[in-house]
There are 2 protein chains.
Amino acid sequence: MGTTIDRERSAARIEREIETLSGPEFTTSSEAIRRYAYTPEYRRTLDHFGAALRELGFTVDEDPVGTLVARNRPPGEPAFGIGSHCDSNRNGGRYDGTMGVVTALEVCRLSAEHDLDLPLQLVSFLEEEGSGFGQMLLGSRIMLQRVTEEDLRERFLAIDDGRSFWEHAEAAGYEPARWRESIRVLDGLTGWIEMHIEQARVLQDSGKRIGIVDAIAGYVHADVFVSGRGDHAGATPMGLRLDPTTVLAETVLELERLATEAGGGTVGTVGEIELDPSLINAVAAEARFSLDVRGPQDALFQGVARDTAAFAGRAAERRGMTARTVQRQTLPATPLDARVVGALQAAAAGTGEPWTTMHSGAAHDTMCVAERVPSAMVFVPCTDGISHHPAEEADSADAALAAEIILNAIAALR
Amino acid sequence: MGTTIDRERSAARIEREIETLSGPEFTTSSEAIRRYAYTPEYRRTLDHFGAALRELGFTVDEDPVGTLVARNRPPGEPAFGIGSHCDSNRNGGRYDGTMGVVTALEVCRLSAEHDLDLPLQLVSFLEEEGSGFGQMLLGSRIMLQRVTEEDLRERFLAIDDGRSFWEHAEAAGYEPARWRESIRVLDGLTGWIEMHIEQARVLQDSGKRIGIVDAIAGYVHADVFVSGRGDHAGATPMGLRLDPTTVLAETVLELERLATEAGGGTVGTVGEIELDPSLINAVAAEARFSLDVRGPQDALFQGVARDTAAFAGRAAERRGMTARTVQRQTLPATPLDARVVGALQAAAAGTGEPWTTMHSGAAHDTMCVAERVPSAMVFVPCTDGISHHPAEEADSADAALAAEIILNAIAALR
């Protein structure tokens, strides 16, 4: 039936770690948790985890760009991967990423305490949030060779000083020239589980303490540009207008309708709107708005993105204007591994606590890892879905429950 | 049947004046016509008009804040007022305002040449565009006592250096302490006609050369604030969202419907939209958008503004959000004088050229003057309705036609 842990003790340990890593030596801002690659605060965070893992007998290492890797087995021997990231959004909170690494550390502690001696490898990914160089999932993309050397040498520039990722990595004592070797971190991994806060309110609103994640949504990011005609807002009769805000309005409502109708977890959002000019007394000449369409089923979300772009074009044409949609980026959905998901579901069921199976709408490093390693994720609720904000809040008791579930799933998969 | 003028000669003179006043000594920018109160360029513009009017035997004066006033009759004797403003939008063109003063000067010339000896008073208003102190219609509002002394001493600050209107006026040699006497400019005026470019495309699109303006639209300027809930764009299911952009979208379309349905020249515009946060991957927490609702009939445009605000409130409520509408400013419509309008219509009909009666959607100094003096306006087309831009273009032949119409209207009203 698996191991029953002392959840209160685990929760207290998790709480203490989170508390420690929220201290002034671990954040560059006093108003938020702000922590990113190659800063002294980030260095101290890696060292903190390194020391705790060494105490448990783990060998602690870093890959050529600074991804933390700790194992309780010699190199080459198989192990099960657990972890997340410990960098934060610039205006971040205590839990996004960090709670996943802290919970992975707790799994390592529990494995030792309960004499399970599970073969474990903890990974803390570099720059998941992109706060240092504006590139999300940077560490896991480097690991999976989803970047080019030119990106690292020239294109990815520090938000703070404009110097390249390459320069910063070298200045911090790493060997970016060996970045391709980062893939070896995954060598011998028999599976991977990442715990993360949900960053939305599905768990809270449905009264669940645990979400077993069976897919990570893919997405289309695009911009729609509507060209109308700038006119005087007072002097131009309604019938003579080419007002692009009307096409924007129709498209916002159509996107809502299409995403709702598509179902299957498809969502669509207009998060940015820009009018030119932007004046109370002028009919805008141009409107730009962003499209973010996601879902765990490629055919559904890609269909909604396509239909929305086509609708905007027709809506503009009907009114004598033009609209063109320019894609920024698209990524297919990542189905997670049925066996790892199943082990987590069984372990969750064994706790007697309320849980559910769900997909992740947000992107995670696990999207990259899953390309090579059978992977799954575990979500815990965060208050009101607030994330990427100092007000972010999650319960260490839920993280302790997640630790128990992960521990038992890995034991079952062994 | 009125006087028939040599329109080609008048057009050539108007063209020459416009050309002169577009020279480098009359604008502070080489890329636009930029001219505002108390700059050397503005001073030279007033001096240019002053010299031309003195040549015609006019007495040239300025009111206590710098409004140019020239008469061909002694103070106290009745005269008919004509003119406009010769300051410009900061990114302005050659015609907005200036063409009206140039055309008024042409009327003065024609009155002399045709031995009509009409009693005339030319006025060039100060700071119509608000380019100096951010206050539209400033000169005519001062004249009509629609400002307070505190406004002039403390509140109205120069865009360039933050110093007060009062200080700038004194530095330029005026006596702002006597600002209340500015109202005397209107003493003895038997009527007022302002010529202006249309700043929209009604005349161009309907093939008319002249618009006789029988009303100036009033307006409501307001902001609608919709409070939703900021959420992760990927992780928040459609059914759990409180997305304020949907209320924005519904309200944009309802405003369009209401303004169109109201008719009678009512127009409604959403010219500014602001989302907070404004991120492609976030459902906005708040949306702000501006409302500009105008028309020549108070009951109609005020009704549309009221109904739009109420609709936004209901639309938000239906979706579990709130919307509140905050008024920035409102001004009733200004009906113009039927007798002056009638004289202009008769004179326009006498030319055999295509003309129409219309209202002005834009605000003009005549809104203030009309409070005290029987007033009307004459519009000439401007290419594609473009105004407040260096590309602004109007035809001197149309202005010459306007001069003939104004001349004959004043003669008929004598």
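Start by selecting Pro277(A), which is partly exposed at a relative accessible area of 28%. The model on screen is a predicted one. Pro277(A) sits in the loop that runs between strand S10 (273–276) and strand S11 (282–283) of chain A.

From there, go to Cys382(A). In sequence, Pro277(A) and Cys382(A) are 105 residues apart, and their C-alpha atoms are 39 Å apart in space. Cys382(A) is buried, with 2% relative accessible area. Cys382(A) takes part in no disulfide: the nearest cysteine sulfur belongs to Cys86(A) and is 19 Å away.

Now switch to chain B and select Cys108(B). Cys108(B) is in no disulfide either, and the nearest cysteine sulfur, that of Cys86(B), lies 14 Å away. Cys108(B) is buried at 2% relative accessibility. Over all chains the disulfide count is zero.

Select Glu250(A) and Arg319(A): they form a salt bridge whose closest N and O atoms are 3.1 Å apart. Glu250(A) belongs to helix H8 (residues 244–262) of chain A, and Arg319(A) to the loop between helix H9 (298–318) and strand S13 (322–331), so this pair ties together parts 69 residues apart in sequence. Glu250(A) is buried, with a relative accessible area of 18%, whereas Arg319(A) is partly exposed at 24%.

Glu256(B) lies in helix H8 (residues 244–262) of chain B while Arg319(A) is in a loop of chain A, so the pair joins two chains. Glu256(B) is partly exposed, with a relative accessible area of 23%.

Stay on chain B for Arg201(B) and Asp205(B), whose side chains form a salt bridge at 3.2 Å, N to O. Arg201(B) is buried at 9% relative accessible area, and Asp205(B) is partly exposed at 39%. For a group of linked pairs, return to chain A and select Arg7(A), Arg209(A), Glu353(A), Asp398(A) and Glu404(A), which are joined into one network by salt bridges that share partners.

The last stop is on the surface. Select Glu15(A), Asp384(A), Glu393(A) and Asp395(A), which gather there in a patch of negative charge. Asp395(A) is partly exposed, with a relative accessible area of 40%.

Terms used: Residues numbered from 1 in each chain as written. Chains lettered and ligands numbered in written order. Predicted model: local features only at pLDDT ≥ 70, side-chain atom pairs only at ≥ 80, totals over all residues. Heavy atoms only, no water. Patch = residues over 30% accessible without salt bridge, like charges linked within 9 Å, V, L, I, M, F, W, Y side chains within 5 Å. Areas by Shrake-Rupley, 256 points an atom, 1.4 Å probe, with all protein chains shown as cover. Salt bridge = Lys/Arg side-chain N within 4 Å of Asp/Glu carboxyl O. Lys, Arg positive; Asp, Glu negative; His and termini not counted. Charge placed at Lys NZ, Arg CZ, Asp CG, Glu CD. Buried < 20%, exposed > 50% of the residue type's maximum accessible area, 1.4 Å probe, protein only. Disulfide = S-S within 2.5 Å. Helix = DSSP H or I, 4+ residues; strand = E, 2+ residues; numbered from the N terminus.
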